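Hello,

Here is the structure we spoke about, handed over for your own work. My notes on it follow below.

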Amino acid sequence: MSETDDEAQTSREEDVLAYEIFFWIIHGMSDKGVVKVSELRKLYQKAVMKNRSIQYRSLQEMLKIVNKNLAQWQGWDAVLQDDRLTYVNLNEQKTFKANVASETERTLGVLKNALMYIFVATKPNSTHPGVTHEELMSYMEASMSTHPDHKLTSEHMELLKKQIAPNARADFIRKGYLAFTKAMNENEEEVFRYEWGPAALQTVDPVHLVQMFQKLTGVDATQLTEQLERAKELKAKQIGEVKRGAVLPTRGKQI
C-alpha cells in the first residue's frame, strides 16, 4: 500500500527535524561538551508549532532515532543526567569534548555537509540544476547553528562566507570543490546556483556522501534511490578516469 500525501509529508518533515536535532547535538557537544534537553525541546516545539497539520512523533521517539544514528555513525552512547545529555565515545570511552576536532577537520566537515546537500538536493533534469545560493546558505546555517533561531553568529557566518560565496575568492570555489553559475529570473534578479566543482567530481566519493546523508537523517533509503544511482554512476566514472590516467590517483584523498 502506498503512502498518502499526508503521510509522505509527515515523513519528510520528521526526517528534516531529526537531521536538525542530530546536528544540534553534534555542535552542542563540540562547543560545550553537553546538550540541554530543554533546548532540544524548544527546537522540537518550534517545528510542531510551525505546522500543526503535521503529526510528529514525540520528542522522546525522535531522540531514540537520532541517538541510534549517533551510535552507528559517531560511535557515541547517550548519557542522561537531569536536563543534561552527554555522550561517551564507545570506541575510546571518553567524551567528545576531550577530542575536539582540528581546524582542518572542521573545514572538511563543512565541505562534506555542503557537497552532501548539493548532491542530494540537485534535480538533474531541471532547467536549472544545482541549488541556489539562498537554499545552500539556509541549509548550512540551520544545520550548523546551535541556537533556537537556527542562526549563526556574525563571526561564524563571515567564516562560512569566506568558504562559500559566488565569487572566485571563496575557498571552496578557489579550490575547485564548488562551482557556481549566474542567471536572471523572471523578475530580472540575479540568481546564483552551486554545483560540484571539478575537484569534487574527480576526488569526492559521492556514494559515501549519499550513504552518510541517509544515516544522518534516518530517511528511508528508498527515497534516495535516484541519488544513489547517480552517485554510483559518478563513482564508476571516477574509477574509469583514474585507470585511464585522466586523473592522478595521488591528486587528493577522497572524502
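To begin with the charged pairs: glutamate 61 and lysine 64 form a salt bridge, with 3.4 Å between their closest N and O atoms. Please keep in mind that this is a predicted model. The two residues sit 3 apart in helix H3 (residues 59-73), so about one helical turn separates glutamate 61 from lysine 64. Glutamate 61 has 35% relative accessibility and counts as partly exposed.

The count of salt bridges comes to 6. Another one of them joins glutamate 226 and arginine 230, at 2.7 Å from N to O. Here the residues are 4 apart in helix H10 (residues 225-244), which again means a separation of about one helical turn. Glutamate 226 is partly exposed at 39% relative accessible area, whereas arginine 230 is buried at 17%, because buried means under 20%.

Lysine 182 also forms a salt bridge, with glutamate 190, and their closest N and O atoms are 3.5 Å apart. Lysine 182 is exposed, with a relative accessible area of 53%; glutamate 190 is partly exposed, at 46%.

The other item is helix H9, which has 12 residues (206-217). From first C-alpha to last, H9 reaches 17 Å, close to the expected 16 Å. The buried residues of H9 include Val207, Leu209, Val210, Met212 and Phe213. After H9 comes glycine 218, with a positive phi near 75 degrees.

Regards

How values were computed
Residues numbered from 1 in each chain as written. Predicted model: local features only at pLDDT ≥ 70, side-chain atom pairs only at ≥ 80, totals over all residues. Heavy atoms only, no water. Expected span 1.5 Å × (residues − 1). Buried < 20%, exposed > 50% of the residue type's maximum accessible area, 1.4 Å probe, protein only. Salt bridge = Lys/Arg side-chain N within 4 Å of Asp/Glu carboxyl O.
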